[in-house]
Amino acid sequence: MVKLIMGLKGSGKTKTLVDLVRDTVEQGKGDVVVIEKERKLTYDIPYQARLIEAGAYDIGTYEFLRGLICGIHAGNYDIEHFFIDNFYKLVEDKSDEALVSFVKWLEKFSQSEKVEFVISISADPEAVSEEIKQFVI
């Protein structure tokens with residue numbers, strides 16, 4: 001399952017994501033990974049969640065991000081939840097087409113590997129395509 005938390009800057013996306021991370025950790029179902037550009041969430045999320053500072057890897061492209069996700073999952077098959085904060089800070093291409101392609105890939109990966117994804121994106125949820133709106137919570 002893929003869920004997108006979308007909204008303009010200052011709309012509470014990160015707070016919502018942090019609340020979801022806390023709830024997921026409290027439920028104790030599988031391992032939890034949180035990917036963010038910088039270490040801003042260090043003291044906000046429970047220590048049981050694995051926090052990855054993606055800024056250290058200079059991601060940039062969707063291909064790199066796919067590889068990072070696959071590599072993390074390959075190293076730990078107990079991961080059941082991925083959370084990605086400030087998605088557009090990680091990738092250079094902010095076009096709707098690139099996002100649609102990535103979310104479609106993520107949905108297939110999610111189904112085949114039984115992993116849930118929650119991603120926060122700074123964008124107007126009314127301005128995205130219908131293909132993306134179906135994932136917005």
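Strand S4 (residues 79–84) is largely enclosed by the rest of the structure, because 5 of its 6 residues are buried; buried means under 20% relative accessible area, exposed over 50%, and partly exposed in between (1.4 Å probe, protein chains only). Helices (H or I, at least four residues) and strands (E, at least two) are DSSP runs, numbered from the N terminus. The model is predicted: local features need pLDDT of at least 70, side-chain atom pairs count only at pLDDT 80 or more, and totals for chains, interfaces and linings use all residues. Residues are numbered from 1 along each chain as its sequence is written, and side-chain values use heavy atoms, with hydrogens and water left out.

**Strand S4 and its partners**

- Strand S2 (residues 31–36) pairs with S4 in the parallel sense over 5 bridges; two strands pair if DSSP finds at least two bridges between them.
- S4 also pairs in the parallel sense with strand S5 (residues 116–122), over 4 bridges.
- Val32 has His81 as its bridge partner in S4, and His81 has Glu116 as its bridge partner in S5.
- In a regular strand, side chains alternate between the two faces of the sheet.

**His81 and Thr24**

- His81 belongs to strand S4 and counts as buried, because its relative accessibility is 11%.
- Not counting residues up to four places away in sequence, His81 touches Thr24, Lys29, Asp31, Val32, Val33, Val115 and Glu116; contact means heavy atoms within 4.5 Å.
- His81 and Val118 are 37 residues apart in sequence, while their C-alpha atoms lie 7.9 Å apart in space.
- Thr24 sits in helix H1 (residues 13–27) and is buried, with a relative accessible area of 11%.
- Leaving out residues up to four places away in sequence, Thr24 touches Lys29, Val32, His81 and Phe83.

**Lys13, a buried charged residue**

- Lys13 is also found in helix H1.
- Lys13 is buried yet has no salt bridge, and the nearest side chain of opposite charge, that of Asp85, is 7.4 Å away.
- For charge, Lys and Arg count as positive and Asp and Glu as negative, while His and the chain ends are not counted.
- A salt bridge is a side-chain nitrogen of Lys or Arg within 4 Å of a carboxyl oxygen of Asp or Glu.
- The side chains of Lys13 and Ser122 form a polar contact of 3.4 Å. A polar contact is a pair of N or O atoms within 3.5 Å; within protein, one must be able to donate a hydrogen and the other to accept it, and residues adjacent in sequence count only if both atoms are side-chain atoms.
- A polar atom of the Lys13 side chain lies 3.4 Å from the backbone oxygen of Gly7.
- Apart from neighbours within four places in sequence, Lys13 is in contact with Ile5, Met6, Gly7, Leu8, Ser120, Ile121 and Ser122.

**Helix H4**

- Helix H4 (residues 96–113) has 18 residues and should span 26 Å at 1.5 Å a residue; its end C-alpha atoms are 25 Å apart, which agrees. The expected span is 1.5 Å times one less than the number of residues.
- The buried residues in H4 include Ala98, Leu99, Val100, Phe102 and Val103.
- Among the elements covering the buried residues of H4 are strand S1 (2–7), helix H2 (62–75), S5 and helix H5 (130–133).
- Just after H4, Lys114 takes a positive phi of about 60 degrees.

**Salt bridges**

- The whole structure holds 7 salt bridges.
- Asp19 and Lys15 meet through their side chains in a salt bridge (3.1 Å, N to O). Asp19 and Lys15 are separated by about one helical turn, because they are 4 residues apart in helix H1.
- Asp19 is partly exposed, with a relative accessible area of 30%, whereas Lys15 counts as exposed at 55% relative accessibility.
- Lys104 forms a salt bridge with Glu131, with the closest N and O atoms 3.0 Å apart. This pair links distant parts of the chain, Lys104 being in helix H4 and Glu131 in helix H5, 27 residues apart.
- Glu130 and Lys133 form a salt bridge, their closest N and O atoms being 3.5 Å apart. Glu130 counts as exposed at 60% relative accessibility, and Lys133 is partly exposed, with a relative accessible area of 27%.
- Salt bridges that share partners join Lys15, Asp19 and Arg22 into one network.
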